[in-house]
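Have the structure open as you read.

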Amino acid sequence: MAIPTIDADKPMVKLPTAHGLLVLAFGVFATASPSVAQEHAAKPTSNVVLASEVDWTPLNPARGDASPKAATLWGDRAGTQATGFLVQFADGFSSPPHIHNVTYRGMVISGGVHNDDEAAEPMWMPAGSFWTQPAGAPHITAARGLTTAYIEIDKGPYLVMPTEEAFDRGERPVNVDASNIVWLGPSSTTWIQSAATKAPAKQPQIAFLWG
């Protein structure tokens with residue numbers, strides 16, 4: 001199944017496992033920390049996966065076809081390691097109230113996502129928005145339009161659990177609309193270099209989301 005905003009004939013980077021900092025740059029999601037960055041610089045482990053080769057399975061197997069579809073890009077959602085995966089929601093999808101056993105971070109790639117308490121008024125986050133969902137906190141997730149998001153966890157497995165098992169570790173959710181993402185150019189950070197062009201609009205930019 002093709003991903004809405006990714007050309008099935010163009011490569012999609014399969015990200016290496018990492019811990020520390022989620023960065024959005026050049027339209028690609030990446031994770032890095034100093035130690036991990038040094039390790040991968042010395043021993044590259046990047047792979048490339050075509051969108052047409054992504055394996056989509058139910059995000060919540062217990063709900064079958066009613067569940068959003070998910071595709072693991074790196075790691076293993078059912079394992080204990082850090083993992084990054086895509087989730088695809090049908091237009092109009094709205095989950096029952098539930099919790100997760102682990103905290104996750106999400107980035108909207110296409111469509112719109114609402115992720116909040118079930119009594120909250122809808123706040124649709126468009127493509128480029130970022131959110132976090134704390135472990136144990138009851139919430140719903142809804143989609144407007146055919147929606148794809150990138151999800152990352154520091155430790156698996158990723159489980160969907162009933163609200164009766166809710167718990168509080170002191171974490172609080174974060175919802176950041178795309179319009180509030182702070183973008184930095186080459187003059188503001190050493191993480192990227194200036195492109196050959198002098199046109200400001202064509203210079204690369206980077207946005208630090210956490211860490």
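Start with Arg 77, which lies over the face of Phe 85, 5.5 Å from the ring centre. For a charge to sit over a ring, NZ of Lys or CZ of Arg has to be within 6 Å of the ring centre and within 35 degrees of the ring normal. Arg 105 does likewise with Trp 210, at 3.8 Å from the ring centre.

A quick word on what you're looking at: this is a predicted model, where local features need pLDDT of at least 70, side-chain atom pairs count only at pLDDT 80 or more, and totals for chains, interfaces and linings use all residues. Residues are numbered from 1 along each chain as its sequence is written, and side-chain values use heavy atoms, with hydrogens and water left out.

Back to Phe 85: together with Tyr 104, Trp 131 and Tyr 158 it forms one aromatic cluster. The structure holds 5 aromatic pairs (ring centres of Phe, Tyr or Trp, the latter by its six-membered ring, within 6.5 Å; planes under 30 degrees apart are stacked, over 60 edge-to-face, the rest tilted). Tyr 104 and Trp 131 are edge-to-face, because their centres are 6.0 Å apart and their planes at 85 degrees. Tyr 104 sits in strand S9 (residues 104-116) and Trp 131 in strand S11 (residues 130-133), so the pair ties together parts 27 residues apart in sequence; strands here are DSSP runs of E, at least two residues, numbered from the N terminus. Both Tyr 104 and Trp 131 are buried, meaning under 20% relative accessible area, with exposed over 50% and partly exposed in between (1.4 Å probe, protein chains only).

Now look at Trp 191 and Phe 208, with centres 5.2 Å apart and planes at 90 degrees, so this pair is edge-to-face. Trp 191 is partly exposed at 47% relative accessible area, and Phe 208 is partly exposed at 32%.

Note on methods. Helices (H or I, at least four residues) and strands (E, at least two) are DSSP runs, numbered from the N terminus.
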